[in-house]
Amino acid sequence: MLNFKNINVLTFILFLGLLLLSQFFNISIFFFIVLFLAWLTLTSIGSFTIGWNYHLKAFNSKKNHTKNQVAITFDDGPNAEFTPKILELLKAHHAKATFFCIGKHAEQQPELVQQITEEGHTIGNHTYTHSDFFDFYNKQNVIAEIKNTNTTISSIINKKMKLFRPPYGVTNPAITKAIKHTKHHVIGWNIRSLDTIKKDEEDIFNRITKNIKPGAVILLHDSQEITVRVLEQLLLFLQKNNYQSVTIDTLFNIEAYA
Ligand SMILES: [Zn+2]
């Protein structure tokens, strides 16, 4: 299996092999550089691609799912302007979703956090600050980000979140160790809508729907206008194709709260 541990072991064995060969033959330094670059490339892609399960095992989609269910997920909220519009659309279409909230946003919008759970959706942990430097944090700092968010949100909903989504879906050894300690389920996705990058709603809609199948996990953001417009089209599409939108815990049959 292509994961961090196996790649490290394989790289180390190849390194030793090259070292041994260099005792008997004239081995160019070029081979050592290629080996290092191959390790670096795989580890970089693996760290940025949560679906690879390179550093840790994440729930990215439910393969061979027998029910016509998908899970819509929203990151980076709650947002005073857009989260209410999204909740309204979900309610109108009898759809359930999962909101990966940023702790400091939840602190500013406790009534939205409350509303999300009251309306049958699930809340997950998306760090406290969503810092651009989160991927450079050590284990202790990652744990602090996760714990602060859990404390903030549990003071509002009286439940401790067990679902965690790392910012940008980036994983690394510090996050792996932190998760082992906090025992959260790590949630990824298999359909990245690119709703924060693409400017054309048709484009975003097509990206999602061309890849949709039972068990899919869709990544969206409740922090911007374009997502609201895409969601409206998406919910109509799901309805027309007999898909039901469920929470992450329903899709994977796991506990959302401790
Ligand atoms: Zn995010």
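Histidine 55 lies in the loop between helix H2 and strand E1 (69-75); here helices (H or I, at least four residues) and strands (E, at least two) are DSSP runs, numbered from the N terminus. The model is predicted, so local features need pLDDT of at least 70 and side-chain atom pairs count only at pLDDT 80 or more, while totals for chains, interfaces and linings use all residues. Residues are numbered from 1 along each chain as its sequence is written, and side-chain values use heavy atoms, with hydrogens and water left out.

With a relative accessible area of 11%, histidine 55 is buried; buried means under 20% relative accessible area, exposed over 50%, and partly exposed in between (1.4 Å probe, protein chains only). The side chain of histidine 55 makes a polar contact with the side chain of serine 47, at 3.0 Å. A polar contact is a pair of N or O atoms within 3.5 Å; within protein, one must be able to donate a hydrogen and the other to accept it, and residues adjacent in sequence count only if both atoms are side-chain atoms. Setting aside neighbours within four places in sequence, histidine 55 is in contact (heavy atoms within 4.5 Å) with Phe4, Ser47, Thr171, Asn172, Pro173 and Thr176.

Next come the domains. The protein chain is assigned domain 1 (4-48) and domain 2 (69-252), with bounds that come from an automatic or database domain assignment. Their C-alpha centres lie 38 Å apart. Four residues of domain 1 are in contact with four residues of domain 2. Between them the domains bury about 300 Å², 52% of it on carbon and sulfur atoms; buried area is the accessible area (1.4 Å probe) that two parts lose on being put together, summed over both. In domain 1, Phe4, Ser47 and Phe48 lose the most area to domain 2, together 95% of what that side buries. Helix H2 (residues 29-48) gives the largest share of the side of domain 1 that touches domain 2, namely three residues. The residues on that side divide into two nonpolar, two polar and no charged. For this sorting, Ala, Val, Leu, Ile, Met, Phe, Trp, Tyr, Cys and Pro count as nonpolar, Asp, Glu, Lys and Arg as charged, and the others, Gly among them, as polar. One residue pair is in polar contact between the two domains (both at pLDDT 80 or more), and the count of salt bridges between them is zero.

How many salt bridges are there by this rule? The count comes to five, where a salt bridge is a side-chain nitrogen of Lys or Arg within 4 Å of a carboxyl oxygen of Asp or Glu. In one of them, aspartate 75 pairs with arginine 165, the closest N and O atoms being 2.7 Å apart. Aspartate 75 lies in strand E1 and arginine 165 in the loop between strand E4 (163-164) and helix H7 (173-182), so the pair ties together parts that are 90 residues apart in sequence. Both aspartate 75 and arginine 165 are buried.

Another salt bridge joins lysine 85 and glutamate 225, with the closest N and O atoms 3.4 Å apart. This pair links distant parts of the chain, since lysine 85 is in helix H3 (residues 83-92) and glutamate 225 in helix H9 (residues 225-240), 140 residues apart. Lysine 85 is partly exposed at 32% relative accessibility, and glutamate 225 is partly exposed at 31%.
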